[in-house]
Amino acid sequence: MSEETSKPLRRQLAAVALAGGLMTGAAAAEPLGPLTIARQGSFFVGGRSVASDTLSTLPAYAPSGTIAVDQVYVRYQVPVEAKRPPVVLIHGCCLTGKTWETTPDGRMGWDEFFVRAGFPTYVIDQAGRGRSAVDPSAINAVKTGKAAPETLPPVVSAGQEPAWAIFRFGPKYPEVFPGMQFPLEAQGEFWKQMVADWAATLPTPNPTVPALSELAKTLDGAILISHSQSGIYPFQTAALDRAGIRGLVAIEPAACPDPAKDDMAPYRDLPILVLWGDYVELAPRWAPRLKLCRAFVEAANKAGGKAELVLLADVGLKGNSHMLMQDRNSLDVAAWLTAWLDAHVPPRKP
């Protein structure tokens with residue numbers, strides 16, 4: 001995005017901050033008054049029932065029975081007189097919906113920001129993560145001798161030292177990129193957010209994808225906002241069914257659709273933003289992904305799309321890590337994103 005193009009969005013950013021009851025900037029980025037909502041709650045979308053005889057190896061619990069798996073947990077808050085479309089916040093690898101909540105150093109998270117800015121806000125735990133159940137039967141089958149050890153599911157946890165470079169706090173542990181915005185003084189709190197990731201044990205496409213489609217239809221028009229490992233999910237959801245999808249935002253996606261392999265038709269006339277933080281070209285893990293996303297945006301637009309790729313540093317927001325929704329300038333980034341959404345996914349007329 002050019003400097004000239006970004007000027008209207010910067011003016012909108014200031015308006016968004018005022019409308020949402022927020023002041024931008026690291027010095028004063030907290031709410032000016034109480035948070036008032038119309039309603040809040042939680043529910044599940046998707047899921048299926050499976051019968052198994054290896055549900056338990058503990059004497060107090062029967063090994064046979066039926067359980068629900070592949071469901072997606074959804075927590076929501078709806079502001080009074082919601083002025084903007086619903087947003088669905090989708091976390092990445094080895095994390096849960098906590099990604100979008102209070103930052104590790106205690107500042108407002110994006111879930112609250114978007115509610116204050118007038119968006120009904122829905123935060124999910126991906127299938128097989130957090131409050132969305134996992135299927136223990138494959139592990140218990142091996143433990144009870146009913147299955148071979150090589151059938152154990154591939155569950156992964158991300159170690160803090162290798163994750164340091166993945167999250168781009170620095171080129172390698174414990175080096176830090178100059179000017180990096182993540183609050184490393186609170187890194188202990190951040191590492192506690194990490195959980196075991198069961199994604200590799202799940203079907204393809206991940207059950208989160210059809211669940212997102214179901215959720216978008218239920219909301220009668222939603223903006224899907226993904227991060228990292230889940231970055232491809234909104235694209236897969238649109239390819240599955242465009243119904244209910246008003247826009248896509250992929251924050252530092254692990255993958256974009258591949259123009260050499262994937263059909264661009266599902267993205268025609270769909271507002272799409274692919275958003276990146278800083279130091280991407282310095283990160284061997286992320287630079288190729290940025291390149292693929294650039295190719296996708298170009299191909300999607302040639303096919304009649306409305307896609308845009310933005311590096312935050314190019315619009316004056318510098319030093320952002322991969323966890324940009326938790327960085328010190330996270331509310332400035334959220335306000336900029338809100339301005340972009342207002343310009344590209346306007347509210348429905350009453």
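Guide: Let's start with a term: buried means under 20% relative accessible area, exposed over 50%, and partly exposed in between, using a 1.4 Å probe and protein chains only. We're looking at a predicted model, where local features need pLDDT of at least 70, side-chain atom pairs count only at pLDDT 80 or more, and totals for chains, interfaces and linings use all residues. Residues are numbered from 1 along each chain as its sequence is written, and side-chain values use heavy atoms, with hydrogens and water left out.

Visitor: Which residues of helix H7 are buried, and what makes H7 a helix here?

Guide: Helices are DSSP runs of H or I with at least four residues, strands are E runs of at least two, and both are numbered from the N terminus. H7 spans residues 233-240, and its buried residues are Tyr-233, Pro-234, Phe-235, Thr-237 and Ala-238. They pack against E3, helix H6 (208-219), E5, E6, E7 and H8.

Visitor: Why is the pair Cys-93 and Cys-94 called a disulfide?

Guide: The rule asks for a pair of cysteine sulfur atoms within 2.5 Å. The sulfurs of Cys-93 and Cys-94 are 2.4 Å apart, so the pair passes the cut-off. Cys-93 comes out at 29% relative accessibility, so it counts as partly exposed. Cys-94 has 3%, so it counts as buried.

Visitor: What makes Cys-256 and Cys-293 a disulfide?

Guide: Same test: their sulfur atoms sit 2.1 Å apart. The link is right-handed, with 95 degrees about the S-S bond. The pair ties together distant parts of the chain, 37 residues apart: Cys-256 is in the loop between strand E6 (245-251) and strand E7 (271-276), while Cys-293 is in helix H8 (residues 287-302). Cys-256 is buried because its relative accessibility is 4%, and Cys-293 is buried because its value is 0%. A search of the whole structure turns up two disulfides, and with the bonded cysteines numbered in sequence order the pairing reads 1-2, 3-4.

Visitor: What makes something a pocket rather than a cavity?

Guide: Both are sets of points on a 1 Å grid over the protein atoms alone; in a cavity a 1.4 Å probe fits but cannot get out, whereas a pocket is an open set with protein on both sides within 12 Å along at least five of seven lines. The largest pocket holds about 280 Å³ of space. It has 18 lining residues, and the closest to its centre are Cys-93, Ile-166, Ser-228, Gln-229 and Arg-285. To count as lining, a residue needs an atom within 4 Å of a point.

Visitor: What makes Ser-228 buried?

Guide: Its relative accessible area is 10%, so Ser-228 counts as buried. It lies in the loop between E5 and H7, and its phi is near 60 degrees, a positive value in a residue other than glycine. That stands out because most residues other than glycine have a negative phi. Glu-81 also has a positive phi, near 50 degrees. Glu-81 is in the loop between strand E2 (65-79) and E3, and at 67% relative accessibility it counts as exposed.

Visitor: Why is a set of residues called a nonpolar core, and which residues have the most contacts inside the largest one?

Guide: The members must be buried Ala, Val, Leu, Ile, Met, Phe, Trp, Tyr or Cys residues joined through side-chain atoms within 4.5 Å. The largest core has 46 of them, and those with the most contacts inside it are Trp-110, Phe-169, Ile-225, Trp-336, Leu-337 and Leu-341. The elements giving two or more residues include strand E3 (87-90), strand E5 (222-227) and helix H9 (330-344). H9 gives the largest share, eight residues. Apart from this core lies another, of 45 residues, among them Tyr-76, Leu-202, Val-209 and Trp-286.

Visitor: How do you know what Leu-219 is in contact with?

Guide: Contact means heavy atoms within 4.5 Å. Leaving aside neighbours within four places in sequence, Leu-219 is in contact with Pro-86, Val-88 and Tyr-122. Leu-219 sits in helix H6, and it counts as buried because its relative accessibility is 15%.

Visitor: Where is the peptide bond from Tyr-173 to Pro-174, and how do you know that it is cis?

Guide: Its omega is near 0 degrees, and Pro-174 is found in the loop between H4 and H5. Another cis bond joins Thr-204 and Pro-205, with omega about -5 degrees. Pro-205 lies in the loop between H5 and H6.

Methods. Grid points are joined across faces, edges and corners, and a volume is the space filled by probe spheres set on the points.
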